[in-house]
Amino acid sequence: PDPSPNGHPRTHSPSNPHPLPRRIAPAPLVAEMELITDVEWRPHYNAQTYSGVWRVAALRSKGGVLERVEAHPSSSDVFADTPILSRSPELQRVVRSFRCPTTAVRLLSLSPGAVVLEHRDHGMRLEDGEARLHIPVRSNRGVEFVLDGELLPMAPGECWYINADLPHSVVNRGTTERVHLVVDCRVDDWLLGLLPEGAVRRTGREQDGGVDAENWLQVVQALRLQGTDDAALLADQIESRWKHR
């Protein structure tokens, strides 16, 4: 496989995850990130899933409150800019450049030696109408992000769609912090237009797109709520496949 700018082989499968055709200059984001105070950085709320220091700075949160660093939005949640984003024009520019509806937007900082254990963020995938985008702002050659058993090298300035519903883990073996800008958003035609055809199909562990006899109806309902032609087409396909089994 071709090496990435981090020096690791690119071992990801062609169907998941997906690099988006967007490049973002990390240096201006680093400059604004360094103005975030220690008080504004919060320990990650999933304390049982990591060791070491894993911190969150909320840029968009439920109600725009800095303390609300959790993600996983519900249909009734109202997300707004926090004071950090309001005073950070470069971060604002990047976040606003995503023309799909955004929910939680966070900076996630993983300190040297820290480990995020394997876990899944259920429902955070295209099939459920939600997408998680990762933009490395600061990284090093010792960072290992493993998604569904595959090493995923992501270089600063790249933008990736990650199916966070799959098992994933991170370790920072380097000597500097790893910081990602993580943008959670609703799936719409604009976002789907950045992804390759067939992005919603899965192979291997997700052979049928993660849809099974127990959850197909919920997946169809979530897709129809998106109100887009692509989401409706996918909902029709899933319903046709499962309704009469």
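Student: Happy to start with the rings: how many aromatic pairs does the structure hold?
Tutor: This is a predicted model, where local features need pLDDT of at least 70 and side-chain atom pairs 80 or more, while totals for chains, interfaces and linings use all residues. Residues are numbered from 1 along each chain as its sequence is written, and side-chain values use heavy atoms, without hydrogens or water. Rings of Phe, Tyr and Trp (its six-membered ring) pair if their centres lie within 6.5 Å; planes under 30 degrees apart are stacked, over 60 edge-to-face, the rest tilted. The number of aromatic pairs held here is two.

Student: What is the angle between the planes of tyrosine 50 and tryptophan 54?
Tutor: Their centres are 5.3 Å apart, and the pair is edge-to-face. The angle between the planes is 80 degrees.

Student: How many residues apart in sequence are the parts that phenylalanine 98 and tryptophan 190 tie together?
Tutor: With centres 6.3 Å apart and planes at 90 degrees, this pair is edge-to-face. Phenylalanine 98 lies in the loop between helix 3 (89-96) and strand 6 (102-110), and tryptophan 190 in helix 4 (residues 189-194). Helices (H or I, at least four residues) and strands (E, at least two) are DSSP runs, numbered from the N terminus. The pair therefore ties together parts whose separation in sequence is 92 residues.

Student: Which residue has its charged end over the ring of phenylalanine 98?
Tutor: A charge sits over a ring if NZ of Lys or CZ of Arg is within 6 Å of the ring centre and within 35 degrees of the ring normal. Here, 4.7 Å from the ring centre, sits the charged end of arginine 22.
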